[in-house]
Amino acid sequence: MSDTTVGLEQPPRRHRFPDGHLGWLVTGYAAGRAILADPRFSQRPLRAVGGIDDGGFQEALSGPESAGDLLRIDPPDHTRLRRLQTGYLTVRRVAEHREAVEGVVAACLDGMEEAGRPVDLVEMFAYPVPSLVLCDLLGVARSERARFERPTGVLVDYAGSSPEQKKLAMDEFYAYIRGVIEEKRVQPGDDMLSELIAIGELSDDELAGVAFFLFAGGHHTTATMLSLSAFFLLSERERWEVMRSDPAGIDRAVEELLRYLNPINDPLPRTALEDVEIEGVVIKAGETVALLTAQPSGDPDRVEDLGRFDPSRDPATGHLAFGHGRHMCLGQHLARLELQVALEGLMRRFPTLHLATAAADVPLRRYAFPEHGGNPDLHGVEHLLVSW
Amino acid sequence: MFGLRGDRLRVAADREVCAGSGMCVRTAPGLFDQDDDDGRVVVLVTELRKDDVAAAREAVSLCPTGALSVDAEGESSGDV
């Protein structure tokens, strides 16, 4: 693959969004990283991702519960809500979950074996692993995972579901989760949601929004990264064998997969709260900036040959797969753990794992505007038929 | 600049700016930890030994909110 990042190292440039608004497009690493870290930019969504017709996506997430969605709020509320949740997802706390994650992965591998080859890795493995881990974290029955997965599935089917369907899916979810919150208020469990309720500092709207944010932010993303990684490794067998031959290198390899495959296309547009000068241009207060961080990511001053996949690379690449700044992924350490344990488990249980179709026939979620049949937030594979 | 005039290098963290990403713990686990309650940075080693300087500077540069700095004792700049 050629180095696709070189052509993107340009200063911010004017961009007219499809809704007519004149803003900015930023593709360069340094400018993108600076904007993500700059408190003078707001994360509150004023318009859809990239200003496109998102089929009611943003509208469905604009209800009172968005007060609990870390991706859609600014300080001081963001600071208050993030600090309440971060203690559950620190490096040390996440490491304590390793055994539980291994148990979830083993159960999903059992399910694949029982189903018999070939199986759709997306359906049988990539989605259940993060979903079940999050059910445990939030303290809801694993059998309830569809309650969380359904609204996300409807939302990210940008062009395929109507604005009314998206709104209805969210209404159903919030009705469900408010019931769960009521139950936990009466009978708390040993879980993150129960403890957040017990602290007594979050409103019911915020609690419902927090539950959606944690699940939506933690399963669709990780599932996409996991299935895309499997596709990438299996589509050139040598990559799979190299990784399989070095179990001790799993942390580096996963970090390189994150850097290289980086499935987040646009980490939500930012809006300048005041005039900000970036690389010689002035982004005026109120103007929107779309950041395209997908592509092999990483600091060009830190990493040699960004366009080359090298699982033995020093993991400190400054990649943006988890974002940057105060909104940097809250669950990044849990995501790393899940990816590591899941890929290790796959390689150990099914050393002969291979694609059951030609690589060219694997259906992709491409980065494109919804009216062109694409997906503006994550790229990956829709299904991945594998055998062993 | 380490050792140039025998200056000691110190690590400082601005906990108001810290977002609890844990990047510093991942990068230099011997130097940083996170608060159990809110995930914010806890500096474990304030005065750096020579062997720790590179890891500390790496943590400074990877911190997503610019909450960390490494300075010679008495200096106030956070630039590295």
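1. The buried residues of helix 10 of chain A are covered by elements that include helix 3 (77-86), helix 7 (128-138), helix 9 (163-186) and helix 11 of chain A. Helices (H or I, at least four residues) and strands (E, at least two) are DSSP runs, numbered from the N terminus. This is a predicted model, in which local features need pLDDT of at least 70 and side-chain atom pairs count only at pLDDT 80 or more, while totals for chains, interfaces and linings use all residues. Residues are numbered from 1 along each chain as its sequence is written, chains are lettered from A in the order in which they are written, and side-chain values use heavy atoms, with hydrogens and water left out.

2. Within helix 10 (residues 192-199) of chain A, the buried residues are Met192(A), Leu193(A), Ser194(A), Leu196(A) and Ile197(A). Buried means under 20% relative accessible area, with a 1.4 Å probe and protein chains only. At the N-terminal end, Asp191(A) caps this helix, a side-chain oxygen lying 3.2 Å from the backbone nitrogen of Leu193(A). Gly200(A), with a positive phi near 75 degrees, follows helix 10 of chain A.

3. The largest nonpolar core has 97 residues, and Met112(A), Phe125(A), Ile177(A) and Leu384(A) have the most contacts inside it. Such a core is a set of buried Ala, Val, Leu, Ile, Met, Phe, Trp, Tyr and Cys residues joined through side-chain atoms within 4.5 Å. Helix 11 (residues 204-235) of chain A supplies the largest share of this core, 18 residues. A second, separate core of 19 residues includes Phe32(B), Val41(B), Leu48(B) and Val70(B).

4. Phe232(A) and Tyr260(A) form a tilted aromatic pair, 5.3 Å centre to centre with 40 degrees between the planes. Rings of Phe, Tyr and Trp (its six-membered ring) pair if their centres lie within 6.5 Å; planes under 30 degrees apart count as stacked, over 60 as edge-to-face and the rest as tilted. Phe232(A) is buried at 9% relative accessible area, and Tyr260(A) is buried at 8%. The rings of Tyr260(A) and Phe309(A) have centres 5.6 Å apart and planes at 70 degrees, so this pair is edge-to-face. Because Tyr260(A) lies in helix 13 of chain A and Phe309(A) in the loop between strand 8 and helix 14 (332-349) of chain A, the pair ties together parts 49 residues apart in sequence.

5. Chain A also has an open sheet of five strands in the order 1-2-8-5-3, with mixed pairing. Two strands pair if DSSP finds at least two bridges between them. Its edge strands are strand 1 (13-16) and strand 3 (41-42) of chain A, each pairing on one side only.

Key
Buried < 20%, exposed > 50% of the residue type's maximum accessible area, 1.4 Å probe, protein only. Contact = heavy atoms within 4.5 Å. Polar contact = N/O pair within 3.5 Å; in protein donor to acceptor, adjacent residues only side chain to side chain.
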